[in-house]
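Me: Can you walk me through a structure I have open? I'd like to go over its ring contacts and charged pairs.

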Amino acid sequence: MALNVISNFAANVAHRHLQQSDAEATSSLAKLSAGTRVLSAKDDAASLAIGSRLRAEVSALRQASVNAGQAISMLQIADGAMARVDDILVRMKTLAVQASSGQLSDTERGMLNQEYTSLRAEVDRIADDTEFNGTKLLAGSNTFGAGTIGTAIEVADGFEQITFSNDTGAFTSGNAVSITYDATADQFTVTNDSTGVSYTSDGGISAPNAGSFQQVIINGAGISITLNSLFDDTTDITAGGTFTVTGGTSNTLDLEFKIGTGTDTPDDVTIQLVSAKAQALAVGLDTSSVDTKANADTAIGAVNTAIDNLAIARAQLGAAQNRLEFASANIATTMENTEASRSALMDLDIAAEMTRFTSKQILVQSGVSMLAQANQMPQNLLRLFQ
């Protein structure tokens, strides 16, 4: 090759290799700092796609594990309340057996009946007061709905739907209900025409924008009204806003827990909680008394039935708790194995990458040195001019 000062071939070659070594060293440094071997799709597109799905799965499994844990906590609250109800039923049976004995007069039975009826009321209070995050666990459920709708509260008038909460106690099946709207106060009033009791929403209601909805809560009634953009908030509703309550009360409450990451049937577990109210535990228990020997004998049979039914309900509850605990353990195992699979695809082998990085560092340093030497080579040609 001819010697010249115009083109420095050695410097160009050294520069090219230096650029390549620097790029590889930079890539290794980025992977080491991030702890992953796939920084972008160009590194490994297939692994990136699979790893992203596995990462989403692990995140969803973590939440499913939380769901299972909270479900177990919810059932523990219900079981604890049932245990107290069982204690009360045992005391009620003791009182009934005592009152049915002939050595007592009706006067003493009346004294016993005061405690008996108080305990009976406490059973219902515990059932109504046992809740988790606002859901009453041992009070059964309500399946109320709005039946025949009046002409002033249709979808064309801006009423998208009327829904009842699960624990409403303001209505029973067959109640006639009227809805009015005061455009001045911007609030709704819902009246149970069968009982004469009215409930009002907060003021300041306005029509939602097109394509949007607004939910209006009727305070104390357990009813919410969903409005659409057709609602006219400037016009009063004084007539035609009526409907009849349909449905009724059930002695069971179905709770559905998401313990999977999909939408298939195995991803959900449905658990049924039985009401612990007196009328649900045994026929006649809610009206039983021990004020006479005959009533005390009847009460003994009702309490015995209630104790048996409560034991069955607690057994079902315990079975559900054990099922959820095994499901939670399975989620933990699945999460561990899924995370291991994701790690094998995405996580960086630090030792191997550090070795590569050290090698590239040496090449970068050598490249810089050789580029400096190559840039000095044309200087040697100047001596020919001396």
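Reply: Here is a short tour, starting with confidence and then going through contacts.

Me: What should I know before reading anything into it?
Reply: This is a predicted model, where local features need pLDDT of at least 70, side-chain atom pairs count only at pLDDT 80 or more, and totals for chains, interfaces and linings use all residues. Residues are numbered from 1 along each chain as its sequence is written, and side-chain values use heavy atoms, with hydrogens and water left out.

Me: What's the average pLDDT, and which element has the lowest mean?
Reply: The protein averages 86, and 97% of the residues score at least 70 (pLDDT is the predictor's confidence in each residue, from 0 to 100). Strand β3 (residues 141–142) has the lowest mean among the elements, 74, while helix α3 (residues 106–129) has the highest, 93. Helices (H or I, at least four residues) and strands (E, at least two) are DSSP runs, numbered from the N terminus.

Me: OK, rings. How many aromatic pairs are there?
Reply: Five in the whole structure. Rings of Phe, Tyr and Trp (its six-membered ring) pair if their centres lie within 6.5 Å; planes under 30 degrees apart count as stacked, over 60 as edge-to-face and the rest as tilted. Phe-159 and Phe-231 have ring centres 5.9 Å apart and planes at 85°, so they are edge-to-face. That pair links strand β5 (residues 159–164) to the loop between β10 (223–227) and β11 (242–246), 72 residues apart.

Me: Is Phe-231 buried or exposed?
Reply: Phe-231 is buried, at 4% relative accessibility (buried means under 20% relative accessible area, exposed over 50%, partly exposed in between, with a 1.4 Å probe and protein chains only). Phe-231 also pairs with Phe-188: the centres are 5.7 Å apart and the planes at 35°, so this one is tilted. Phe-188 is buried too, at 0%.

Me: Which residues make up the cluster there?
Reply: Phe-159, Tyr-181, Phe-188 and Phe-231 form one aromatic cluster.

Me: Switching to charges: how many salt bridges?
Reply: Eleven, counting a side-chain nitrogen of Lys or Arg within 4 Å of a carboxyl oxygen of Asp or Glu. One of them joins Glu-115 and Arg-91 at 2.9 Å, N to O. Glu-115 is in helix α3 and Arg-91 in helix α2 (residues 45–99), so the bridge ties together parts 24 residues apart in sequence.

Me: And what does Asp-106 bridge to?
Reply: Arg-109, with the closest N and O atoms 3.1 Å apart. Asp-106 is partly exposed at 48%, whereas Arg-109 is buried at 6%.
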